Amino acid sequence: MRASFLLNKSILEEKIKRTSCSYHIVFIYVGKFLPKFQDINYSIKKIFNIIINTEHIY
């Protein structure tokens, strides 16, 4: 998960610079088997894209 996060954090960095928002993200894996890197990477990208497409309501 750490490697995938580091590879894809640029997806979030652009929104952070543009909006001056900050994010606190925690990933907790509770599965019984170790998933493949490709599956983890796909999920991280999907989560990051959901975050950048979500508008904050203050």
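Leaving aside neighbours within four places in sequence, Lys15 is in contact (heavy atoms within 4.5 Å) with Ser20, Tyr23, Ile51, Ile52 and Thr54. Lys15 sits in helix α2, where helices (H or I, at least four residues) and strands (E, at least two) are DSSP runs, numbered from the N terminus. Its relative accessibility of 4% makes Lys15 buried; here buried means under 20% relative accessible area, exposed over 50%, and partly exposed in between, with a 1.4 Å probe and protein chains only. Between Lys15 and Ile50 the sequence separation is 35 residues, and their C-alpha atoms are 12 Å apart in space.

The model is a predicted one, in which local features need pLDDT of at least 70 and side-chain atom pairs count only at pLDDT 80 or more, while totals for chains, interfaces and linings use all residues. Residues are numbered from 1 along each chain as its sequence is written, and side-chain values use heavy atoms, with hydrogens and water left out.

Turning to the whole chain, there are 3 helices and 0 strands, and from the N terminus on the elements run α-α-α. The C-alpha trace spans about 40 × 20 × 15 Å along its principal axes. Of the 58 residues in the protein chain, 19% are buried. Among contacts between residues at least 6 apart in sequence, 78% join residues at least 24 apart. The accessible surface, from the Shrake-Rupley method with a 1.4 Å probe (for residues, only the protein chains shown count as cover), comes to about 5100 Å², and 60% of that surface belongs to carbon and sulfur atoms.

The buried residues of α3 are Ile40, Asn41, Ile44, Phe48 and Ile51. These residues lie on the same side of α3, because they cover an arc of only 95° around the axis, the arc being that of the directions from the helix axis to the C-beta atoms. Their cover includes α1 (2-8) and α2 (10-19). On the face of α3 turned away from the buried side are the exposed residues Gln38, Tyr42 and Ile50. Asn49, also placed in helix α3, is partly exposed at 34% relative accessibility. Asn49 and Lys36 are 13 residues apart in sequence, with 20 Å between their C-alpha atoms.

Ser4 is buried, with a relative accessibility of 0%. Beyond its neighbours within four places in sequence, Ser4 is in contact with Phe37, Ile40, Asn41 and Ile44.

At the surface, Met1, Tyr29 and Phe33 form a nonpolar patch with about 330 Å² of accessible area together. Patches are made of residues with over 30% relative accessible area and no salt bridge, like charges being joined within 9 Å and nonpolar side chains (Val, Leu, Ile, Met, Phe, Trp, Tyr) within 5 Å; a salt bridge is a side-chain nitrogen of Lys or Arg within 4 Å of a carboxyl oxygen of Asp or Glu. Met1 belongs to the segment before α1 and is partly exposed, with a relative accessible area of 40%.
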